[in-house]
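Thanks, everyone. Let me put the structure up, and then we go through confidence and salt bridges.

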Amino acid sequence: MAMYEWLKAKEAELAYNAAKGRILKKLARIKIIRNRSVLYEIEKENPRRGTYEAFKYAPLEEIDKHLRPLLAKEDMDLSYSDEPREGGGILIRGRLKHLPGGHYEDSFMPAPLDTTGGKSNVQAVGSTNSFLRRYVACNIFNIVVVGDDDDGTGGTIDETQTKTILDLIKSAKVGPKFLKYMKAQSVEEAGSLEAAVATIAARDYRKAISTLEEHIGKAEAGHANVS
């Protein structure tokens with residue numbers, strides 16, 4: 001019975017990874033744009049305090065518009081729950097679940113309440129909840145939003161993204177062909193694997209993640225079949 005339960009759990013995990021990999025591959029071709037502006041007061045330390053500047057962000061509905069149909073097609077569900085934190089603020093948990101097998105992945109993010117702009121306590125909770133749900137969804141699916149004036153280049157990936165890809169490269173056991181596929185510098189040109197990975201274009205980050213996770217999924221499926 002223990003072996004049976006382990007095999008069922010492993011099958012569910014493999015099915016989850018395969019479904020998520022297909023979603024990541026499709027998301028890599030979608031451009032999610034920061035299309036909403038909000039004003040914020042410049043920091044107190046700034047001598048210009050009292051003036052306002054605008055920044056743009058991608059609202060939750062913009063992310064959900066692209067993500068929800070992909071989830072439905074793969075029989076996956078992304079749900080959220082929240083709980084208060086000691087000292088104020090809330091903690092959001094996002095759970096991505098593959099409904100047929102029941103395997104799931106959790107992502108957590110805390111934040112203090114957003115009381116800017118004279119918000120009431122209820123409004124502050126709602127604003128913070130929406131903010132955290134956006135970031136949790138982006139974290140689970142490695143979503144990188146771009147500005148509406150972005151020309152598609154966006155520079156290269158940052159340090160955190162580089163580390164994520166390096167960890168996946170080790171698990172996927174891919175070689176120089178991956179770097180060539182991503183149009184990055186070779187290890188010889190960059191001087192090290194980390195430096196080479198860091199030359200991957202920011203616009204191709206999700207493509208890199210989906211490619212590596214697809215390799216890992218195939219390797220795990222092959223290993224399970226042999227077992």
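Which side chain meets that of E214 in a salt bridge? The partner is K25, at 3.3 Å from N to O. By salt bridge I mean a side-chain nitrogen of Lys or Arg within 4 Å of a carboxyl oxygen of Asp or Glu.

Some ground rules. This is a predicted model, so local features need pLDDT of at least 70 and side-chain atom pairs count only at pLDDT 80 or more, while totals for chains, interfaces and linings use all residues. Residues are numbered from 1 along each chain as its sequence is written, and side-chain values use heavy atoms, with hydrogens and water left out.

Confidence next. pLDDT is the predictor's confidence in each residue, from 0 to 100. The protein averages 81. At least 70 is reached by 82% of the residues. Among the elements, strand β5 (residues 90-98) has the highest mean pLDDT, 94. Strand β2 (residues 36-41) has the lowest, 53. Helices here are DSSP runs of H or I, at least four residues, and strands are runs of E, at least two, numbered from the N terminus.

Two stretches call for a flag. Over residues 39-54 the pLDDT is below 50, and the model has 21 contacts there beyond near neighbours in sequence. Contact means heavy atoms within 4.5 Å. Residues 148-153 also stay under 50, with seven contacts beyond four places in sequence.

Back to salt bridges. The whole structure has nine. Take E214 and K25 again. E214 sits in helix α8 (residues 205-226) and K25 in helix α1, so this pair ties together parts 189 residues apart in sequence. For accessibility, buried means under 20% relative accessible area, exposed over 50%, partly exposed in between, with a 1.4 Å probe and protein chains only. E214 is partly exposed at 29%. K25 is partly exposed at 41%.

Next pair: E105 and K20, with the closest N and O atoms 2.9 Å apart. E105 is in strand β6 (residues 104-111) and K20 in helix α1 (residues 2-27), 85 residues apart. Buried or exposed, which is K20? K20 counts as buried, because its relative accessibility is 7%. E105 is partly exposed at 28%.

Last pair: D167 and K163, 3.3 Å from N to O. Both lie in helix α4 (residues 159-172), four residues apart, about one turn of the helix. D167 is partly exposed at 36%. K163 is exposed at 53%.

One network to finish. Salt bridges that share partners join K25, E214 and K218.
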